[in-house]
Amino acid sequence: GLLSLDRPLRVANPIYQEIIVRTLGHAVQRDLVLNPRDYVGSDGRIDLRRMLLRFASFFRENGEILESDQAYPEVAPQLVMMAFLQGVVNGQGQVLREYGLGRGRIDLLLR
């Protein structure tokens, strides 16, 4: 199955963790046009402040439309954020996720 039978509730394996969220956020990511270099500072690291400001602007402009297209509106903001981050790294990095199923949160790490 997709979920483990033991507690706490969790996605059964790392492959499913990646595939589930990438599938749910695919429609959003497909429509994003992002240049990963726009988010890299002069030191070669992700410019977190610039990235978050652009995400906030993007979400203000598109969030309502994006949320209405989602099959699971309660997680739409998280899916949109993860799709945006995936577009930012665009094969030149990773978005690592740790789900807090049933706890209303997700931890993200950009590499």
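Colleague: Which element gives the most to the lining of the largest cavity?

Modeller: Please note that this is a predicted model. Helix α4 gives the most to that lining, with 3 residues.

Colleague: How many cavities of 30 Å³ or more does the structure hold?

Modeller: The structure holds 1 cavity of 30 Å³ or more. The space in the largest cavity comes to about 40 Å³. Two or more lining residues come from each of α1 (14-24), α2 and α4.

Colleague: Which residues line the largest cavity?

Modeller: The lining is made up of Val-21, Arg-22, Gly-25, His-26, Gln-29, Met-82, Ala-83, Gln-86 and Arg-97. By class, 3 of the lining residues are nonpolar, 4 are polar and 2 are charged.

Colleague: Let me pick out Gln-86. Where is Gln-86 found?

Modeller: Gln-86 belongs to helix α4, which covers residues 76-89.

Colleague: Is Gln-86 buried or exposed?

Modeller: Gln-86 counts as buried because its relative accessible area is 9%, and the cut-off for buried is under 20%.

Colleague: Which residues does Gln-86 touch?

Modeller: Leaving out residues up to four places away in sequence, Gln-86 touches Glu-18, Arg-22, Gln-29, Val-95 and Arg-97. Among these, Arg-22, Gln-29 and Arg-97 also line the largest cavity, as does Gln-86 itself.

Colleague: And Gly-87, what does that residue touch?

Modeller: Gly-87 lies in helix α4 as well. With residues up to four places away in sequence set aside, Gly-87 touches Gln-29, Leu-34 and Pro-36. Gln-29 is also one of the residues touched by Gln-86.

Colleague: Why is Gly-87 counted as buried?

Modeller: Gly-87 has a relative accessible area of 11%, so it counts as buried.

Colleague: How many residues apart in sequence are Gly-87 and Arg-30?

Modeller: Gly-87 and Arg-30 are 57 residues apart in sequence, while their C-alpha atoms are 8.9 Å apart in space.

Colleague: Changing topic to aromatic residues: how many aromatic pairs does a search of the whole structure find?

Modeller: The search finds 3 aromatic pairs.

Colleague: Are Tyr-39 and Phe-84 buried or exposed?

Modeller: Both Tyr-39 and Phe-84 are buried. They also belong to one aromatic cluster, together with Phe-55 and Phe-59.

Colleague: Now the pockets. What volume does the second largest pocket have?

Modeller: The second largest pocket has a volume of about 190 Å³.

Colleague: Finally, the overall layout. How many helices and strands are there?

Modeller: The protein chain has 4 helices and 2 strands, and from the N terminus their order is α-α-α-α-β-β.

Colleague: What share of the residues counts as buried?

Modeller: Of the 111 residues in the protein chain, 26% count as buried. The chain exposes about 7700 Å², and carbon and sulfur atoms supply 53% of that area. Among contacts with a separation of 6 or more, 47% join residues 24 or more positions apart.

Notes. Residues are numbered from 1 along each chain as its sequence is written. This is a predicted model: local features need pLDDT of at least 70, side-chain atom pairs count only at pLDDT 80 or more; totals for chains, interfaces and linings use all residues. Side-chain values use heavy atoms; hydrogens and water are left out. On a 1 Å grid over the protein atoms alone, a cavity is a set of points where a 1.4 Å probe fits but cannot get out, and a pocket is an open set with protein on both sides within 12 Å along at least five of seven lines; lining residues have an atom within 4 Å of a point. Grid points are joined across faces, edges and corners, and a volume is the space filled by probe spheres set on the points. Buried means under 20% relative accessible area, exposed over 50%, partly exposed in between (1.4 Å probe, protein chains only). Contact means heavy atoms within 4.5 Å. Rings of Phe, Tyr and Trp (its six-membered ring) pair if their centres lie within 6.5 Å; planes under 30 degrees apart count as stacked, over 60 as edge-to-face and the rest as tilted. Accessible areas come from the Shrake-Rupley method with a 1.4 Å probe; for residues, only the protein chains shown count as cover. Ala, Val, Leu, Ile, Met, Phe, Trp, Tyr, Cys and Pro count as nonpolar, Asp, Glu, Lys and Arg as charged, and the others, Gly among them, as polar.
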